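Hello,

I am passing on the structure below for your files.

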Amino acid sequence: MYLYAPTDIVIANCLFRGNWAAQDAGAVKRYGGSSTIINCTISNNVAARYVGGISTSSGSSMAITNCVLWGNSDSNGPLESAQFGGYTNINYCCVQGWTGDWGGTGNTGGNPRLLDPDGADNISGTADDDLRVASGSPVIDAGDNLVVPVAITAGLDGLGRYFDDPIAPDVGGGLPPIVDMGAYEYQADCNANEVVDSIDIQDGTSDDCDDNGVPDECDPDCNSNGTADGCDILDGTSQDCTGNGVPDECDIAADASLDGNSNGVPDDCEESFLFWSQEDLLKRAHLNGTDQMVLQETSETVQGLDVHAGMRKLYWHVSSGPTEMYRCNLDGSGTELILDLSDLGGHNRGLAIDEINNRVWWCDNHSGTGGQILSAATDGSDRQTVVSGVDEPTAVAVDPTGQKVYWVSDDDHAIWRASLTGSNQEQLIGGTDYIGDIALDPTANLMYWTVTSGVIKRSYLDGTGSETVLICPGWARKLVLDSVCEKVYWTDHSTDTIWRANLDGSLLEEVVSTDSSVPLRLAVYYAVDDPARCEGDCNDNGIPDDQDISDGTSEDCNGDGVPDECEPDCNSNGVADECDITDGTSEDCNENGVPDECGIAQGNSPDDNGDGIPDECQSLLSPDLAFDFTVVHPDVYGIGALNNQGQIVYRDETGLYLVADEAPLLKLRNADLGDLSPNDTRLNDHGQIVVHGRRADSTYWEILRIEPAQSADDVHEFVLIASATGFPFNGFPYVGSLANTGQVAFRAESPIFSTTYIGDGTGGVHDPGSFLQPFPGVLFGPTMGSTGPVLSNGGLVAQVTTVGGSQVVVGHVGDLPPAPTLDDYTIFNNFAESGYFCAGSIAGNDNNNIVFRNQQPPHELILSDGTTQQVLATDARWANLPLSINAHDEVAFIRENQGAGFDQIWLTNGLVEVLVAQTGDSIGGFEAISVGIGPQAYNDARHILFTIRYEESPGGNLKTALLLGTPVSPGG
C-alpha cells in the first residue's frame, strides 16, 4: 500500500501478508503526511532492498499501535529493520527482532505463535494462510484499549474484541478485558467443546505435548500413530529435516518431497560433502569448504577414501598398524570393520567404489612387480585379487559401465587399465612425470590425473587426446571430480590445502586450508538434489542464489544465475555493470566488461585527452601526433630499458644507472663490474634489472639480475644467473630478455653456433634446445598451447634456423621436457622461402601477440597470435634491430630511410604509421646525426625511449644521448 496524501489516514483491523516490493516497503509505504495503524497483522512481506513491512519517508510520520510485525524480510533478512523503519512511533506491538532501541511502551519481541502464516501450501499470500494466534501467545491481552477506534468492535474474523483469556496475563493498557495485538482476537475452541483451548490445556482436558497452544486432538497426525506430528518430531519418533512441521515420512508418502535414493531422507534435505583424511583424522565440510568438522580419529594414517552414495557410507583403509578397511555413516557414526588387510603388509593404497556391482577396489602397493589390484563386496566379503604383478600401484578408479578398472603405476609413472576380471591389460599414459592420482568421468569419456609438478591433465578414457587442464598453484596430488557441477577438487601437498576449479581449468579457488598438515585423500558425496550443491550463496543469506532469484528476493538482470547484488557495480548505481552496458547506461568500448567511466576512474583505461573515452578505443596514432622529448642522459654508453612504471635503466662509461619517475639518478654499479655490454640491459615491471659484463678481476663474462632496493636505506641485491665458465664453449653470454616472473633468457655463444638458455633467477639454468639460434631469445608473458593462446609468464620466443630459411617459434619454459624437439613449440611463421629474420627483431605482449620482421624484401613487419597474422608495415628494414610492442598492440620500430642508415623511428598500430623522429631533426636540443642507435622501447603509457647520435660541438666528438618521448596530442 502506497500512501501519498496530506491528510491523516487511519488503518485498523487489517492484514498485510505475502506482498513484495522491487525496492522498499513490501507492505506499507508512507510518503508525506501522517498515518495511524491500529490492530493490524503485517507478516511475510518482502522488499528487495529495504524494509519488508512498514516504511515512512522524510516529511511523513507513522504511529503503529497494537500490531504484529513478524516474518517480514528485506535484503538483510528478517531483522528488526525489515519489520518497520523511517519516522515511526511504535507502542504495544509484537516485533520480530525487537531490540528496544525505538523506545515506546508495551512492545515485545516474543514469538506471536501465528498458527500457520503461509498455509498448507507453504506460500504466503494465499487463501489457506492462518494468521491467528495460538494459546500462550504474548500478543493475547497485551494491546492498548485506549487507541482502538470506537467503531472497531470485532476482530478481522468477526469475533468480538476485548475477549479475556483467563490464563493470559493482562499486560496491555487499560482495564480488563484488554484487547489483543494484531488483526484477530484470540477465542480459539478447536475441539468445539465450548471451552477456550487455553482453558482446555490449563485444566488438563486436552494435552498440548508440543506446547504450541493447540490441543493435541486438533493437531495433525499424518502417520496416524495417535500422537500429534509436532510431538513425533520433538521426541525423535519422526524427523522433520525440511522444518515444515510435517514428519519426513509423511512428506515423502504424499509426494510433497522426493526421495530419489529411497533412504527415507527427502532429497531437498540432502547435503553434498567434501571428505578428506588429515594425518589420523577423517574430516568433512561442505563443497565450498565451510562448516568443517572432524568425523572421527582413525587408528593410523588413511591411504584410501571413497563414498558409496547409494548406501550413504564412507569407506577408508589405513596402511600401517592394524591394516584394516572400515566404513561408517556420513556423519562419522556407525563405524564398522569390514576387512582385515594385515596379510598385505601395510602396503594398501587408493580406494574406489563401484556402486553398480557393489564392490570396493584398492591397491596393494608392493614394490617391483609384487603389487596387486584387489576387489571385494562392499560388506567385505568375496575378496579377490584381480590383477597381479603390478609395479607399485598407488591409485585406482573404476568404470563399471565400461567394465574397466584403471590404476596408477608409480614405478613406471604410467596409467594402466584392464577389464574388471583383470584381462586385457594395457598402458594408456606413460612418461617421466610422477602421477599422483586418477579420476574418471565415464559419461564424458574422460580421464583426469595429477602430475605432482603442479599440473592436472585429462584425456579420453583410452588415453588419447591428452591435454593440460590447468597449472596448479603448488604440488597437486589427490583429486576427485564432480561431473554434474563440472568441478575438480585436488589436494596441494606444498601448502596443505584443498583446491577446486571448473573442469575447463577456470575459476580456481582454495576451499580448505589445514595450516599444518597435508590432506592425504579426498572423497565427495553428491546429494541427489542438494540445493546448494552447484548453486552458490553469494550474498550469504542462507538461501541458494537460484532460489533468491526465483523467489524475487534478488534480481538477475543479465540472466547469468548470479544475484545482481553480487555482481560488480563499479559506479555504485545499484545496477550490475553488465546490465549498465547492455541497456546502454554505460559504454564499454574496449569490451572488457567494465563500464568505460569506471576503467578511466580506476586508472585501468587511460584517457589522456579527457574526453571520457579510453585511449585504447581511439587511434592514438595519427599523422599529426607530436611528442615532447626529455633528455634522460646526454652521454650514454648504449641504451637500457623502459618499463610500465616509468623506470629507465641505462649505462654510461662509469656505471649502471636507474631513473624512476623523474627522481634523481641512482647509481647501481660502478666500474667494479668491469667491461659492460653496451646494449644488453633489461628492466621488468617489478624493477628487476638484468645486465651482463666482465668483472675487472676476471676473464669471463657474467649475467646478473639486480633486485630493487625496498627502502632508502636498503641496497640493491645482485643475483648471479650464469657465467661463461659454466658453459662448455668459448665466447660470452648475451642478455636476451627479463620476464616479470624474474626468469631470464640469454644466448651463450660458441665458436660454431649460439644456444638460448633460460635462467630461473636463482642460479639454475635450463636449456630449451640448441636449435634455438643464433640471437637472444625473447622472454615475455604470452605462451601458446595446443588449444590456442595461454597467458602465462615464462614464454620463450626465438628464431629456429631451418634449411633455406627460418621459423618463429614459441614454447612454455616450465613444460619443456629435458630434450625438446621442434614439435614442443608452436610455429608462428615460416620463412623457408623468403629469407630469414633474427630474434632481435621479435617482441611480444600480454595480448598473446608476437611481432617480428622479415629481413628480405618487402621487409614486412608482422603481428601474429599464433593463428592469424597481420602485416603492420612494409619496407620496415633492418630486421636485426629489436622491436617493441605495448599492451595496445602498437609497435615501435626503426626503418632505414632511402638507404641512408638507421635514421627513422616509427610507431604503427596496423592502421596508420607515425614518424616519431629521424636524422636531421632537432631532438631534445640536439641535432640528430642518426637516430635509433641500439634498441628502443615503447610502453603501455605510450612513452618511447631511444638514442640519437650528435656532435658534442660543431666538428667535435660524436656522442649518444638517451631520450624519452611523451605524446602531447593524443588525437582520436
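A disulfide is counted where two cysteine sulfur atoms lie within 2.5 Å. This is a predicted model, and 5 disulfides are present in it.

One of them joins Cys 570 to Cys 598, with an S to S distance of 1.9 Å. The torsion about this S-S bond is about 80 degrees, so the disulfide is right-handed. Cys 570 sits in the loop between H4 and H5, while Cys 598 belongs to helix H6 (residues 596-601); the two are 28 residues apart, and the pair links distant parts of the chain. Cys 570 is partly exposed at 28% relative accessibility, whereas Cys 598 is buried at 4%.

Another pair is Cys 557 and Cys 579, whose sulfur atoms are 1.6 Å apart. Their link is right-handed as well, with 95 degrees about the S-S bond. Cys 557 lies in the loop between helix H4 (545-551) and helix H5 (577-582), and Cys 579 in helix H5. The relative accessible area of Cys 557 is 42%, partly exposed; that of Cys 579 is 7%, buried.

Cys 209 and Cys 231 are also joined, S to S 1.2 Å, in a right-handed link with 85 degrees about the bond. The loop between helix H1 (197-203) and helix H2 (229-234) holds Cys 209, and helix H2 holds Cys 231, 22 residues apart.

Cys 40 is buried at 0% relative accessibility, and Cys 14 is partly exposed at 25%.

Regards

Terms used: Residues numbered from 1 in each chain as written. Predicted model: local features only at pLDDT ≥ 70, side-chain atom pairs only at ≥ 80, totals over all residues. Heavy atoms only, no water. Helix = DSSP H or I, 4+ residues; strand = E, 2+ residues; numbered from the N terminus. Buried < 20%, exposed > 50% of the residue type's maximum accessible area, 1.4 Å probe, protein only.
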